[in-house]
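Subject: Structure for you to look at

Hello,

Here is the structure I said I would pass on. Please open it beside this email and read the notes below it.

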Amino acid sequence: MVTTHTLRQDLSTPHSTIKELTQGPWNWKSGAAAFGLSAGFIAPICGSILTAISWFRDPIWHHVYLHQAGTILFVVTLPLLILGAHCLDLLDKEKKQATEVKKGRG
């Protein structure tokens, strides 16, 4: 007995989401989503590097700016990820509304 499984057409895979984000029409929502998610993943890495550098440098007040920059990057991480996720939700709503309109006409 042979069993075949097919993937639903409305189910998106991570590859199709990335393809849709990069090859779809660019507007402020897709730009903000790409910026928010990429900066949200890069900011904590840069923040940890700056914090580590500030630990190993001279601990006098001269290098407090490195520590402040690292802390700011850590704090900004969550709002950037929230911005990216919110913009992706807005894009998903637009896509669903467009498919509903097409189904209603056809």
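A search of the whole structure finds 0 disulfides, a disulfide being a pair of cysteine sulfur atoms within 2.5 Å. Cys 87 counts as buried because its relative accessibility is 1%, while Cys 46 is partly exposed because its relative accessible area is 35%. Buried means under 20% relative accessible area, exposed means over 50%, and partly exposed lies in between (1.4 Å probe, protein chains only).

This is a predicted model, in which local features need a pLDDT of at least 70 and side-chain atom pairs count only at pLDDT 80 or more, while totals for chains, interfaces and linings use all residues. Residues are numbered from 1 along each chain as its sequence is written, and side-chain values use heavy atoms, with hydrogens and water left out.

The chain has 3 helices and 0 strands, in the order α-α-α from the N terminus. Helices (H or I, at least four residues) and strands (E, at least two) are DSSP runs, numbered from the N terminus. The mean pLDDT of the chain is 83, and 75% of the residues score at least 70; pLDDT is the predictor's confidence in each residue, from 0 to 100. Confidence is lowest in helix α1 (residues 14-23), with a mean of 67, and highest in α2, with 92.

Of the 106 residues in the chain, 17% are buried. The accessible surface of the chain is about 8700 Å², and carbon and sulfur atoms hold 68% of that. Accessible areas come from the Shrake-Rupley method with a 1.4 Å probe; for residues, only the protein chains shown count as cover.

Ile 45, Ile 49 and Ile 53 make a nonpolar surface patch of about 270 Å². Patches take residues with over 30% relative accessible area and no salt bridge, joining like charges within 9 Å and nonpolar side chains (Val, Leu, Ile, Met, Phe, Trp, Tyr) within 5 Å. A salt bridge is a side-chain nitrogen of Lys or Arg within 4 Å of a carboxyl oxygen of Asp or Glu. Ile 49 sits in helix α2 (residues 28-56) and is partly exposed, at 46% relative accessibility.

Asp 89 belongs to helix α3 (residues 64-105) and is partly exposed, at 48%. Asp 89 and Lys 29 are 60 residues apart in sequence, and their C-alpha atoms are 9.5 Å apart in space.

Regards
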